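Here is a short report on one protein model. Please look over the sequence and the fold, then read on.

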Amino acid sequence: MSIGDSRSGFVGWGCAVRIGSLLRVGPLEQTGYWSRPDAGFACVALGLAGEFSGDVEPRVHWLAEEDAYPPGPFIGGWAFDPSRPWPGFDAERWILPEILCWWDGKQSWAAAFGATGTPKEELKRRIDALTETTPLCAPPANAPDVGSRDAWERIARDAIAAVETLELAKVVPARVIRVSAPVAFAIPRVLRALESRNAGCTTFMVRGRGGEAFVGASPEHLCSAIGQNFVTEALAGTALSLHGEGLRSSEKDLREHQEVVDGILAALAPLSEALHSDAAPSEARFAHLIHLRTSIRAVLRPGVAPMAAARAIHPSPAVAGAPKNAAMDWLKRNEEFARGWYGGAVGLRGKDRLEVVVAIRCALLGGSNAHAFVGAGVVKGSTPQGEWEETNAKASTILSALGVASA
């Protein structure tokens, strides 16, 4: 089908459907996925009706009488650093799928979309054509290439030096772990593994124009917004579940966490007419890791769009560092790979609603090759060995879903 022109808008029609696992829905290619099992919600995007970037959100005229309007319905996100994007993903890209299927905790639904002028009967026909594909199995992946530890420790020492000389208060360097497999990675199988092993996380997938799939299970909520009510969080400070009892008494982790809280509050203050945060961090547990978490709530000023607030707080010191601009410049000079959407943002976007996570615990999959990304926050008191061990612990989330052991 031809892709619609976002300037002329789109039409949509939806209804309740009887389908099983969303990860088996076809026959169109799955172009996006979003799942929060603990919240009883999941959706899968099929095909591509249109795409756009920037601040303009295309109009969707709803043709159905039934109350079946989907979440989003746009799915997409943006890069960590717009000057270092990946091919096929752009610095920012949002898609409107040809079909969006979702589960609301009680009922399965489907909605079809097309360019303005698409007949309602054609949209109904597309939903009627939905099928369930055979689950894909795959052999185990090969042992991962974790990269040079010497190279990582060099960049970690440079980061520590930048912090100790007060050039930076914090910086978050990252590394790449390369994984290959005997056959192409089965995206639904990887997503199912991420979903089943990471309670409390948001499992996501966005497919690029070249067919590559960006997948992950993020513990970090960038924001939720309904109208002018905006909710975000600071998530920083990490320990293994077996050794996390002292996380809230760790001076290093509390300092690292406070940098993130302060950065988010400073970014939201001029955009908000009310702004509140937790008095002290709590512990958030995800599988084998524990993080410090502080919830932050804002009422945005009239005329301030939630997307503007989301962009203002991202990238936060949790994934970049502080001061933000200096940390971003340091990473651009010192990292030897394009971060693309790693550390960026992925979410669902619609009229007066926004739901976005920080794109971490993730990998870019293309055929039988995968690039997994993982980083660690360097502050005063950090050590190269400690940051190497932290990145290995974080990497196990995505590596286990790819079918390999932890680095």
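Strand S22 (residues 345-350) pairs with S23 in the antiparallel sense, over 6 bridges. Strands here are DSSP runs of E with at least two residues, helices are runs of H or I with at least four, and both are numbered from the N terminus. Two strands count as paired if DSSP finds at least two bridges between them. Valine 346 stands opposite valine 357 in S23. The two strands form a hairpin with 2 residues between them. In its turn, aspartate 352 has a positive phi of about 65 degrees.

S23 (residues 353-358) also pairs with strand S16 (residues 221-226). That pairing is antiparallel, with 5 bridges. Isoleucine 226 has arginine 353 in S23 as its bridge partner.

## How the model was read

This is a predicted model: local features need pLDDT of at least 70, side-chain atom pairs count only at pLDDT 80 or more, and totals for chains, interfaces and linings use all residues. Residues are numbered from 1 along each chain as its sequence is written, and side-chain values use heavy atoms, with hydrogens and water left out.

Strands of a sheet pair through backbone hydrogen bonds, either parallel or antiparallel. An open sheet of 11 strands has mixed pairing and runs in the order S6-S1-S10-S9-S4-S3-S14-S15-S24-S25-S13. Strand S6 (60-62) and strand S13 (174-180) are the edges, each pairing on one side only. The twist averages 20 degrees from one strand to the next.

Strand S1 (residues 10-17) joins strand S10 (residues 108-115) through 8 bridges, antiparallel. There, valine 17 has serine 108 as its bridge partner.

Buried means under 20% relative accessible area; exposed means over 50%, and partly exposed lies in between (1.4 Å probe, protein chains only).

S3 has 6 bridges to strand S4 (residues 41-46), and the two run antiparallel. Glutamine 30 stands opposite leucine 46 in S4. S3 and S4 form a hairpin with 4 residues between them. Glycine 40 in the turn has a positive phi of about 70 degrees. S3 also pairs with strand S14 (residues 202-207), antiparallel over 4 bridges. Here glycine 32 stands opposite valine 206.

The largest nonpolar core has 132 residues. Such a core is a set of buried Ala, Val, Leu, Ile, Met, Phe, Trp, Tyr and Cys residues joined through side-chain atoms within 4.5 Å. Cys101, Val179, Phe214, Val215, Phe230 and Leu365 touch the most other members. Helix H2 (residues 149-164) gives the most to this core, with 7 residues.

## Helix H4

Lysine 252 lies in helix H4. This lysine is buried, with a relative accessible area of 18%. Leaving out residues up to four places away in sequence, lysine 252 touches Val379, Lys380, Gly381, Ser382 and Glu387. Contact means heavy atoms within 4.5 Å.

Elsewhere in H4, Ile264, Ala267 and Leu268 meet Ala309, Ala312 and Ile313 in H5. By class, this contact has 6 nonpolar, no polar and no charged residues. Ala, Val, Leu, Ile, Met, Phe, Trp, Tyr, Cys and Pro count as nonpolar, Asp, Glu, Lys and Arg as charged, and the others, Gly among them, as polar.

Methods. Axes fitted to C-alpha atoms, helices over the stretch in contact; angles between N-to-C directions.
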